[in-house]
Amino acid sequence: MIEIISALWPVFALILLGYAARKSGFLTDDFWGQAEKATYFVLFPILLVSRLASTDMTAVPLDQVGLAIVLLVLGGSLLVFLAKPFLRVDAAGITSIYQGGVRFNVYVGLAASATLFGPQGVVVGAVVMALMIPLLNFCCVLVFSYFTRSTQDFKSVLLALLTNPLIVGSLCGLLLNQTGVGFPNMLMPIAEFLGRMALPLGLLSVGAGLSFKVLMKSGQALCVTSLIKLLLMPLLAFLICVVLGLPNAEIIWLYAALPTAASSYILARQLGGDVQMMAAIITGQTLFSMLTIPFMMIFLNFLQKSL
């Protein structure tokens, strides 16, 4: 228990530090936009490529991990739609609730998995991301299509998905690994330096994006999505991993327990979702996860030892 809390508190401390830095005006909004752009398009992809390309992947059962991810996304989607009759929301609102119930924050995930599980956490996390990001985006587009009948930006959304730097970085790293090419030794020291920048800068950017003003506007939606995403999804991941007998199951639990992605706001704005509700869900879940992630990891570890 002490090890988990000790490992995770710096992750959330950096998020709060990012919020304080933006709120104080010490760093301008222009800086945060450029920092997130550099992290998303350069630093994280380099981290993923270098780690995946140079790590022994024999301990990662790709077929089982893939099946676990598909079952987890389908299970999370089912939980959201089972809750729908009890929610007083319109079509735009249900799309935001769906995103809040199933999507996950990449920055928090990679930082937490690296802190808790070391290089293996980054590798397995990258595999999870490479599988989960396209599947979740595809499901979100289908949900928007059904509930809002919005098709105006689907091509741009799908193009952005195909060129997503995190997906491209993960797939390139896997390709270099599986073909035996590996990562060039001369470039590895540079990649290590850049990779070390990715995690703290990503977490600071998450904190800078928090908005407390919107929290009280979507109480019911925030409570329901937080229950599903932060508590029920990791429990579902635990059950799936037990049934499949997956190694490194703790990393999959962690990704299931993450708060929703900040990019959910962009998709909601593009395709006609409830952007105010989405902003409240992102901020609320990020704050709640500072308590729920350590709690769920401790609780699930206890359950695993009890089996």
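**Reading helix contacts, rings and burial**

Tutor: Start with two helices: the axes of helix α10 (residues 249-256) and α12 approach within 10 Å and cross at roughly 145°. Keep in mind that this is a predicted model.

Student: What is the handedness of the crossing of α10 and α12?

Tutor: The crossing of α10 and α12 is right-handed.

Student: Which residues of α10 and α12 meet?

Tutor: From α10 the residues are E250, W253 and L254, and they meet I293, M297, L300, N301 and Q304 of α12. Sorted by class, the contact of α10 with α12 has five nonpolar, two polar and one charged residues.

Student: Take N301 from that list. Is N301 buried or exposed?

Tutor: Burial is read from the relative accessible area, and the cut-off for buried is under 20%. N301 has a relative accessible area of 18%, so N301 is buried. N301 sits in helix α12 (residues 275-306). Not counting residues up to four places away in sequence, N301 touches I4, E250 and W253.

Student: At what angle do the axes of α4 and α12 cross?

Tutor: The angle is roughly 20°, and the axes come within 9 Å. Angles under 35 degrees count as roughly parallel, and α4 and α12 are therefore roughly parallel to each other. α4 passes α12 in a right-handed crossing. On the α4 side the contact is made by G93, S96, I97, Q99 and G100, and on the α12 side by M277, M278, I281 and Q285. The classes in the contact of α4 with α12 are four nonpolar, five polar and no charged residues.

Student: Which residues is T225 in contact with, leaving aside its neighbours within four places in sequence?

Tutor: T225 is in contact with I97, G100, G101, L230, I281 and Q285, with those neighbours left aside. T225 itself is found in helix α9 (residues 219-244). Its relative accessible area is 0%, so T225 is buried.

Student: How do α5 and α7 pack?

Tutor: α5 and helix α7 (residues 165-178) pack at an angle of about 100°, their axes being 9 Å apart. That makes α5 roughly perpendicular to α7. In α5, V106, A126, V127, M129, A130, I133 and P134 meet L166, I167, S170 and L174 of α7. The contact of α5 with α7 has 10 nonpolar residues, one polar and no charged.

Student: Where does V60 lie, and which residues does V60 touch?

Tutor: V60 lies in the loop between α2 and α3. Not counting residues up to four places away in sequence, V60 touches V65, Q120, V124 and V127. With a relative accessible area of 6%, V60 is buried. V60 and A249 are 189 residues apart in sequence, while their C-alpha atoms are 11 Å apart in space.

Student: Now the rings. How many aromatic pairs does the structure hold?

Tutor: A pair of aromatic rings is described by the distance of the centres and the angle of the planes. The structure holds nine aromatic pairs. In one of them, the rings of F44 and Y107 have their centres 5.0 Å apart and their planes at 5°, so the pair is stacked. The pair links distant parts of the chain, 63 residues apart: F44 is in helix α2 (residues 29-53) and Y107 in helix α5 (residues 106-148). Both F44 and Y107 are buried.

Student: What are the distance and the angle for F81 and Y98?

Tutor: F81 and Y98 are 5.6 Å apart centre to centre with 20° between the planes, and this pair is stacked. F81 is in helix α3 (residues 62-83) and Y98 in helix α4 (residues 91-102), 17 residues apart, and the pair links distant parts of the chain. F81 is partly exposed at a relative accessible area of 33%, whereas Y98 is buried at 2%.

Student: Which residues form one aromatic cluster with F81 and Y98?

Tutor: Y146 and F147 form one aromatic cluster with F81 and Y98.

Student: Is F144 buried or exposed?

Tutor: F144, in helix α5, is buried with a relative accessible area of 1%. F144 and G272 are 128 residues apart in sequence, and the C-alpha to C-alpha distance is 7.8 Å.

Notes. Residues are numbered from 1 along each chain as its sequence is written. This is a predicted model: local features need pLDDT of at least 70, side-chain atom pairs count only at pLDDT 80 or more; totals for chains, interfaces and linings use all residues. Side-chain values use heavy atoms; hydrogens and water are left out. Rings of Phe, Tyr and Trp (its six-membered ring) pair if their centres lie within 6.5 Å; planes under 30 degrees apart count as stacked, over 60 as edge-to-face and the rest as tilted. Helices (H or I, at least four residues) and strands (E, at least two) are DSSP runs, numbered from the N terminus. Buried means under 20% relative accessible area, exposed over 50%, partly exposed in between (1.4 Å probe, protein chains only). Contact means heavy atoms within 4.5 Å. Axes are lines fitted to C-alpha atoms, for helices over the stretch in contact, and angles run from 0 to 180 degrees between N-to-C directions. Angles under 35 degrees count as roughly parallel, over 145 as roughly antiparallel, 65 to 115 as roughly perpendicular and the rest as oblique. Ala, Val, Leu, Ile, Met, Phe, Trp, Tyr, Cys and Pro count as nonpolar, Asp, Glu, Lys and Arg as charged, and the others, Gly among them, as polar. A crossing is left-handed if the near helix is turned anticlockwise from the far one by less than a right angle, and right-handed if clockwise.
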